[in-house]
Amino acid sequence: MPPRSLRLSLILCLLTFLALPGARCQTSTESAGFHGLPVRSNLVSPAVEKKIDALLKEMTVEEKVGQLVQYSVGAPTGPETGPGGYEEMVQKGQVGSLYNLRGVQDANFYQRVAMEKSRLRIPLINGLDVIHGYRTEFPVPLALASTWDPQIVEKAARIAAQEASAAGVRWTFSPMVDIARDARWGRMMEGAGEDPYLGSAIARAYVRGYQGANLSAPDSIAACVKHFVGYGAAEAGRDYNTTEISEHTLREVYLPPFYAALDEGSASLMSAFNTLNGVPTSANPFTLTQILRKEWRFPGVVDSDWTSIAELQAHGIANDGETAAWRAFTAGVDMDMESNLYHEHLVNLVKKGKVSEAQIDDAVRHVLRVKFALGLFEHPYTDESRENRGPLTKGNLDVAREAAERSFVLLRNEPQGSARILPLSDQFRTVALIGPLADDPQEMLGAWGAHGQAADVVTLRTALTQRLGAERVKYAKGADFRTATDEQINAAVEAARSADGAILALGEEAGSMTGEAGSRAHLDLPGRQEDLLEKVTATGKPVVVVLFSGRPLTLKWAFTHVPGVLEAWFPGVQAGPALVRTLYGDSVPSGRLVVSWPDSIGQIPDYYNSLNTGRPAGNVDLTRPGTTIQEKYVSRYVDEPNAPQFPFGYGLSYTQFQYSAPQLSTTKLNAQELCTALRDRAADGKTVVTVTANVTNSGKVAAEEVVQLYVGSRGTSVEEPVRALKAFQHVLLAPGETKRVTFALTPEAFALWDINNDRTVEPSQARIWVSPDSRSGQPVELEITE
Ligand code: BGC
């Protein structure tokens, strides 16, 4: 028997161990209360906390509230609501942040008021929606994600940060990481698609790019991950609409990219417009306090979305502004963007005792941490000579072109004579270039173009003319977005007849049909573009469609009748050169879909990582005549196959790739061991199994493949997706070359949110695919033992 003191300390040790969140690792259905490790952050240090304490002691309640108030000055990005008179308000210490300022002089002007005329000289933090570039516009975010290349996303975000910070912007409201499963929703174009794993990798890349190695460097800007949370699940794809998401799905699908961005160090987060399970997300204590502050221990700022606090009244959970302010603030929103309600009511709420000064101090602390981290107290002003030095350098434009090329997804490439239609051959001596997007520079910038300028854009027409010479390009617009006259269409048909082939640049209008408030109930080509396409195709000339859109479009006819379709999204300033290089084979498409491409609107919401149901339809196409009774009673449509037009992960190349069956380093893992490692920061990234497969380029050109690894688990306490992306790799292969691709999987690949919504690994039968997309390939089995 050990001595009494030793016995006591052993018992104490055991008790402490049991009390630590997540220290016990249970794989049974009994709750272990583990919701993941806290996020990592550099915002907190003893020295900074001391400075904040000192400042808080000096501040009046009015000045504290001022730090929580934010207004748009300049071109508005939402309904205009602010009171105006900001110079005076800044001077009185009533404003903590301005955004949408027009440039460095504006930024320095207001900063000077804060630093020279306000009592405590607390700097402002200037924000802007720098979403896919500041002046050098890159492809829209959905396109950037379609590169499946976090490195190019990081590079684009770094350039955006350099250019924006030169204009006095130190805070961007990006990345938007909302999972989107509904192509009707216009803001699908602002995110990274439908997958939480890929979405997390891309989210981290943006944060690294914006914030750089050191947030206090003058060319770093604070990231703001948004919109917390579930905004992308808007019912019927209608922007701002209600969402209902179970806690399980929230944790498994919608929260991971937020966690990833914050764990990468994102200094701030934006709440959203939508109601989530009956509680608006800008006043939702479960997401904003329980998950964000208690589980994740996020120490940075929570900003509201534009007037989302005032909108609590329209939601019906506040009958007046004071209640709206109270609800949002006590749920965990630190800063009021544009509602003007914190300014009007917070001081009073403190006086009435409905909000404590300690609560105000906490919120102010979150704001000040970010201001200190950005070095704004030491260096509040921006060197005005920087503003015009950075943008549109050759280096930046090269990255914009490369990003665009890597974002294009080749959807269809059928044989035309002895070869496939793309890349275009010299038989295309003369080309008819047709369509509303062939020569519209403004459209190439896409929605949320920040300070991008049409004059900076090289269009497809310009680039094609540069390559072929004016005499070989026969341009006819053919149609506007919403209308076309018969004369326009006829002229385009004539142009096609007189050329060797036609390129049609078709699609959506970025500004009005994509982005915020850009939901669509119809996903076909707007106006008479489809008519134009059919008539040009009827000439019998080879036709390629270059599709510009912020989402998948349901183009059944094109996908059956047009030999070549390249999805270009909205490619940014280098649209033309990137497209021409791709169409002519100087660059081989390697972009892959980050959203399932529906065959028809009726399939929406359509996503690959769905559950199996009790009556899965498998691959049976029930629209075929002769459906058997066994085939009838399954989860399916009577008038449409279940399969999407193109699955998540899909994209063609100018070559073909062959995959061998995957091999595992072990076919058995232990649930307890995986679960323990999952909960231990030190074991983060520990490899538990390697998966290898050979990938061969069996075609004639060197090309890059995105090799994707999926896992599906059966026998778990909750139903898991049929398969879910857990890793991917790019591999560059010469013609005929085979490379062995190795994936090192960590416990995360097998982790799930169990029946109690705890993060764990359960005994199960796992299946692992290594494949070119989310529907193909044969899995290998791996057992996760008890
Ligand atoms: C959008 C946000 C944006 C904010 C500021 C809102 O309307 O939803 O994404 O950051 O405006 O411009």
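Me: Angles under 35 degrees count as roughly parallel, over 145 as roughly antiparallel, 65 to 115 as roughly perpendicular and the rest as oblique. Why are H9 and H10 called oblique to each other?

Reply: This is a predicted model, in which local features need pLDDT of at least 70 and side-chain atom pairs count only at pLDDT 80 or more, while totals for chains, interfaces and linings use all residues. Residues are numbered from 1 along each chain as its sequence is written, and side-chain values use heavy atoms, with hydrogens and water left out. Helix H9 (residues 247-254) and helix H10 (residues 256-263) pack at an angle of about 50°, and their axes are 6 Å apart. Here axes are lines fitted to C-alpha atoms, for helices over the stretch in contact, and angles run from 0 to 180 degrees between N-to-C directions. Helices (H or I, at least four residues) and strands (E, at least two) are DSSP runs, numbered from the N terminus. The value of about 50° belongs to the rest, therefore H9 and H10 are oblique.

Me: What makes alanine 310 partly exposed?

Reply: Its relative accessible area is 22%. Buried means under 20% relative accessible area, exposed over 50%, and partly exposed in between (1.4 Å probe, protein chains only), so alanine 310 is partly exposed. Alanine 310 is in the loop between strand S9 (301-303) and helix H12 (312-315). Leaving aside residues up to four places away in sequence, alanine 310 touches Ser339 and Leu341.

Me: How do you know that S5 is largely enclosed by the rest of the structure?

Reply: Five of the five residues of S5 are buried, so the strand is largely enclosed. S5 (residues 224-228) includes histidine 227, and the peptide bond from lysine 226 to histidine 227 is cis, with omega near -5°.

Me: What makes S5 and S6 a pair?

Reply: Two strands pair if DSSP finds at least two bridges between them. Three bridges join S5 to strand S6 (residues 268-271), and the two run parallel. Cysteine 224 stands opposite serine 268 in S6.

Me: Why are S4 and S10 called edge strands?

Reply: Five strands form an open sheet in the order S4-S3-S2-S1-S10, with parallel pairing. Strand S4 (171-172) and strand S10 (336-337) each pair on one side only. Further in, strand S1 (residues 69-72) is joined to strand S2 (residues 97-99) by three bridges, with glutamine 70 opposite serine 97.

Me: Which are the edge strands of the open sheet of six strands?

Reply: That sheet has the order S11-S18-S17-S16-S14-S15 and mixed pairing. Its edge strands are strand S11 (409-413) and strand S15 (473-476). Neighbouring strands are turned by 15° against each other on average, direction ignored. S14 and S15 run parallel and are joined by four bridges. Isoleucine 434 stands opposite alanine 476 in S15.

Me: How do you know that the buried residues of H21 line one face of the helix?

Reply: The buried residues of helix H21 (residues 529-537) are Gln529, Leu532, Leu533, Val536 and Thr537. Seen down the axis, they fall within an arc of 125°, so they line one face; the arc is that of the directions from the helix axis to the C-beta atoms. An α-helix has 3.6 residues a turn, so residues three or four places apart point the same way. This face packs against strand S14 (431-434), helix H19 (486-497), strand S16 (501-507), strand S17 (543-548) and helix H22 (556-561).

Me: What is the phi of glutamate 338, and why does this residue count as buried?

Reply: Phi is positive, about 80°, although glutamate 338 is not a glycine. Most residues other than glycine have a negative phi. Glutamate 338 has 2% relative accessibility, so it counts as buried. Arginine 121 also has a positive phi, of about 55°, but is partly exposed, with a relative accessible area of 41%.

Note on methods. Contact = heavy atoms within 4.5 Å.
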